[in-house]
Amino acid sequence: MTTASKIGLFQFKGCNFITNIHNPEYLAEICHFEIKESDVITVTYPKSGTTWMQQILCLLYSNGDPALVQSKLTVERVPWMEVPIDNSKDILLPHLRVTHLPYRLIPKTLKKGNGKVIYVARNPKDVAVSLYHFQNYVTFLETPSSFQEFLEDFIDGRLIYCSWFDHIIDWYSHKDEFDFLFLTYEDMKKDLKGSIQKICDFLGKKLDEDKLDLMVEECSFKAMRKNPKANYEHVEGKHPKGSFLRKGIVGDWKNLFTVAQSEMFDRIYQERMKDFPFKFIWDSK
Ligand code: A3P
């Protein structure tokens, strides 16, 4: 373990983790975890719609019944792969796990093709803005001194889980090793029901129309924001103002990026992502 340059972070095998959430001994074990055929692993870079996908999968594996999402916390329903599990608690949905891990740190059995991977990506300007607000909201990460400085850290991968670019490029370039579904936050915003149907098809699940409609309702930003088991209001270490489920929109970056910052980001994006075969949606129009 080495200390990362930012307060609240440490490095493990070149990736930045959160000091008061992760521990290096546990991280070192992950490569030996046994992944089963029936396991479904949600993979995201932070602030890309992780909590949203956890909500969707939990409802799907509860056959659309909202009882579990209303009575148990998100992290209890779909636990983190990289956070030690409290063995005294029941594992509610044993097939479901979520992770922000870079490809190189995941279990070997997952790389061998056991389990299914759902990768949720979000346009990186909105990711940066969401993460910036998050770092201003929580007390266990460094409060950015300015958006400019934060953006440079984001681009250079000095924040939690390092570089957005490396994360998506690495995962996507290995996608053929997995039973792999690639979804975007923007597509989920545009057509949540259609996205849930895609997930159902990928997982071989069938839900009737009524249940699907109920799921769409339960997974809406409005419903999740109101749901104390999904909105992270229980988490300690945050300032009084703000929220985890903050705006939930596409294109909020336009409210924070200056024209110069946007142009600088576009140049770097074009350079880093030139071989990436996918085009993001950058605004809600
Ligand atoms: P904003 O900060 O832009 O509002 P993660 O769960 O990966 O940390 O991502 C958090 C982001 O996803 C936040 O973005 C949050 O508001 C958004 N989000 C969570 N649930 C959502 C939902 N049901 N609909 C739209 N956005 C959602």
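Start with Arg246: one of its polar side-chain atoms lies 2.9 Å from an oxygen atom of the ligand. A polar contact here is a pair of N or O atoms within 3.5 Å. Now show the ligand surface. On its own the ligand has 570 Å² of accessible area, and the protein covers 96% of that (Shrake-Rupley method, 1.4 Å probe).

This is a predicted model, where local features need pLDDT of at least 70 and side-chain atom pairs count only at pLDDT 80 or more, while totals for chains, interfaces and linings use all residues. Residues are numbered from 1 along each chain as its sequence is written, and side-chain values use heavy atoms, with hydrogens and water left out.

Select Lys47 next. A polar atom of its side chain is 3.0 Å from a ligand oxygen atom. Move to Thr50, where an N or O atom of the side chain lies 2.4 Å from an oxygen atom of the ligand.

The charged end of Lys111 sits over the ring of Tyr103, 4.6 Å from its centre. Lys205 does this over Tyr61, at 4.3 Å. The criterion is NZ of Lys or CZ of Arg within 6 Å of the ring centre and within 35 degrees of the ring normal.

Methods:
A polar contact is a pair of N or O atoms within 3.5 Å; within protein, one must be able to donate a hydrogen and the other to accept it, and residues adjacent in sequence count only if both atoms are side-chain atoms.
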